[in-house]
Amino acid sequence: MKNNIKQQRKLKKISQEDLAMQCKVSRQTINAIENNKYDPSLALAFELAINLNTTVDELFIL
């Protein structure tokens, strides 16, 4: 599943480390999600959307 997390994160000027801490995951997890190597759980997808102040629909492209 493709996503816009990296673009949204950069627009908000948030580092991978900061986003990871806010979502209670590792920086490597954020990196893997951004590079389409890992699909997050539904709970993590909502957590990412909340912390990036957007919707899950805006972050993920089916």
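**Core, helices and loops**

The largest nonpolar core has 15 residues, and those with the most contacts inside it are Ile5, Leu19, Leu48, Leu52, Leu59 and Phe60. A nonpolar core here is a set of buried Ala, Val, Leu, Ile, Met, Phe, Trp, Tyr and Cys residues joined through side-chain atoms within 4.5 Å. At least two residues of this core come from each of helix H2 (16–23), helix H3 (27–34), helix H4 (42–51) and helix H5 (56–59). H4 gives the most, with four residues. Helices (H or I, at least four residues) and strands (E, at least two) are DSSP runs, numbered from the N terminus. Buried means under 20% relative accessible area, exposed over 50%, and partly exposed in between (1.4 Å probe, protein chains only). In soluble globular proteins, nonpolar side chains tend to be buried together.

The model is predicted: local features need pLDDT of at least 70, side-chain atom pairs count only at pLDDT 80 or more, and totals for chains, interfaces and linings use all residues. Residues are numbered from 1 along each chain as its sequence is written, and side-chain values use heavy atoms, with hydrogens and water left out.

One of the core residues named above, Leu19, can be followed through its neighbours. Leaving aside residues up to four places away in sequence, Leu19 touches Ile5, Arg9, Ile14, Ile30, Leu48, Asn51 and Leu52, where contact means heavy atoms within 4.5 Å.

Which residues of H2 are buried? They are Gln16, Leu19, Ala20 and Cys23. Seen down the axis of H2, these buried residues fall within an arc of 100 degrees, so they line one face of the helix; the arc is that of the directions from the helix axis to the C-beta atoms. An α-helix has 3.6 residues a turn, so residues three or four places apart point the same way. The cover over the buried residues of H2 includes helix H1 (5–11), H3 and H4.

Lys24 follows H2 and lies in the loop between H2 and H3. Its phi is near 60 degrees, although Lys24 is a residue other than glycine. Lys24 is exposed, with a relative accessible area of 74%. Asn53, in the loop between H4 and H5, has a positive phi of about 55 degrees and is not a glycine either. Asn53 is exposed, with a relative accessible area of 67%.

In an unreviewed UniProt entry, the annotation "domain: HTH cro/C1-type" covers residues 5–59; such annotations may be inferred rather than shown by experiment. Over residues 5–59 the chain is 67% helix and 0% strand, with the end C-alpha atoms 6 Å apart.
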